[in-house]
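Trainee: I'd like a close look at how the inside of this chain is packed. Could you walk me through it slowly?

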Amino acid sequence: MNLTTRTSSRLLLIVLLGAVHGCANDPSPTQSNEPASDPRGDFRDVIGLPVALDLDPDERVVEYALEISSTTQELLPGIFTEMWTYNGTSPGPLLRARLGDTMRIHVTNLLEEPTTVHWHGLRIDHRMDGVVHDGLLAIQPGETFTYEFVPPEAGTFWYHPHVRSLVQVEAGLYGMLVVQEHEADAPDVDADRVFVIDDIRLNAGGSIAATSTAGMDVMHGRLGNRLLVNGSAEVTPVTFARGQVERWRLVNTANARTFTFQFDGLRVREIGADGGLWPQRMTREIDELTLPVGARAELEVWLAEDVTSASLDAMVLVQDAAGNLSTEAWPLVPVEVDAETELETLRIGHHASPAFERISDGEAVTDSIALSAVNDALGFRFTVNGQSWPSVDTWSVRQNDLHVIELKNEIGPEHPFHLHGQFFQVLSLNGQPAWESGWRDTVLLPGMARVVIATRFENPGMWMYHCHILEHAEYGMMAMVEVVPDEANTSTAHGQ
Ligand code: C2O
Ligand code: CU
Ligand code: CU
């Protein structure tokens, strides 16, 4: 495969076009007499999900109301499933903000059990993080809680409950949250499209299969028997004309399934991940993508040359009647080629180069986290450094200190490790330089693997870290790190 030549010739094209584009469209604010325009720009369209309605007329505030209730969804024609939904749909509505906006979100719980909303990937105040601990409570049936925060960076995030997640997320409670880049940093694309990808386990009649508390469902997490894209088990094609370029945002909201995607007839450039878009030098052409539970991908998608059809496929392990396993490519997003349409404007895709600093090049490991399991008189449970949630000691670190952490998976099942409230960089997997670029909040540990990550713990507060296989988390694989604010270390009156 001639990835290198393809990448470099297209990058060159983008640089040239970018320069021309830059001259024509953005006079530098220092040279202009016009008052500087709002860098946030207007909301740009995002396709694929219903968009929540902003209830606040204030230009700098987006205010949303989410009502959680049990509703009936038609996942397949004629098949009705009782699900738990935000505002009547699963996924819930797309929550949008522009970088710098305040988000205020009123959440009303009409279920018969407590819930919370966790904003996965947002580095906000830990009291808004949706985790129940230290006096922070769940939203009881009939109650409303208002979350308020200013997302500190642009990117693709998601929201889901952090109470009995294995049941509540499987029942349909999840949605995407997009923080839009400033106008100047936004990719120049024909469409910005979102794909929330899940699997769900349905009984023959369409109801959600009961949660099992033993066996494979606990050991490997619960796998579904239907794949859902934006809440539908039916595939919906996308149409591409020649020269068309789109931004695709993907999130894996399954309980346990790691997705591997392949791109057939598409030219795909990976341009970002959990922590937003990457500088040009870090982007790369890919023909396959592994997306662990909880993680996000940002892709720039073009049609490959001379193809008549294309698709994004999920590689799925299937078992035949005789018990033989094989991997099949299931088209999740078929792409229909529109050979007629001539595009009026040729877009250049992702052209900005947001700053990115590598914080560690493999300094000595400072901390170690072992993920494992025990089976003793107390029963089976998963462990973090030998302890099981909620009987865990809180790890304490100082804000802004560099930590190089080795994550050791001591058992066979894989673990998508997730850290709340912070981003980290992935340095290595089993001693080899890591494939995962940029800032991440989730990284996959294959069975028995050793992954090294680095973070500065920039966001103070009490933060959870856990395996995002929801069954592993429920059976103990969760723990807490307290990030002690910098000023507390210099102040003599600590703890007021
Ligand atoms: Cu999606 Cu505790 O996380
Ligand atoms: Cu999270
Ligand atoms: Cu796990």
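Trainee: In the largest nonpolar core, which residues touch the most other members?

Mentor: Happy to! This is a predicted model, where local features need pLDDT of at least 70 and side-chain atom pairs count only at pLDDT 80 or more, while totals for chains, interfaces and linings use all residues. Residues are numbered from 1 along each chain as its sequence is written, chains are lettered from A and ligands numbered from 1 in the order in which they are written, and side-chain values use heavy atoms, leaving out hydrogens and water.

Now to your core. The residues that touch the most other members are Leu95, Met103, Ile105, Trp119, Phe149 and Leu177, out of 50 in the core. A nonpolar core is a set of buried Ala, Val, Leu, Ile, Met, Phe, Trp, Tyr and Cys residues joined through side-chain atoms within 4.5 Å. Buried means under 20% relative accessible area, exposed over 50%, and partly exposed in between (1.4 Å probe, protein chains only). With six residues, strand S1 (residues 61–76) gives the most to this core. Strands (E, at least two residues) and helices (H or I, at least four) are DSSP runs, numbered from the N terminus.

Let's zoom in on Leu95. Leaving aside residues up to four places away in sequence, Leu95 touches Ala52, Tyr64, Leu66, Met103, Ile105, Trp119, Tyr159, Met176, Leu177 and Val178; contact here means heavy atoms within 4.5 Å. In general, nonpolar side chains tend to be buried together in soluble globular proteins.

There is also a second, separate core of 32 residues, which includes Ile197, Phe240, Leu299 and Val318. For the strands in that part of the sequence, pairing means that DSSP finds at least two bridges between two strands. Strand S11 (residues 238–241) runs parallel to strand S20 (residues 325–338), with four bridges joining them. Strand S19 (residues 309–319) pairs with S20 in the antiparallel sense over eleven bridges. Glu336 in S20 is the bridge partner of Thr239, and also of Ser309.

The copper ion (ligand 3) is coordinated by His415 (ND1), Cys467 (SG) and His472 (ND1), at 1.9 to 2.1 Å. His415 lies in strand S25 (residues 415–419) and His472 in helix H4 (residues 470–474), so this pair ties together parts 57 residues apart in sequence. Donors are N, O and S atoms within 2.8 Å of the metal (3.2 Å for Na, K and Ca), and sites may look incomplete because water is not among the atoms. His415 counts as buried because its relative accessibility is 0%, and His472 is likewise buried at 0%.
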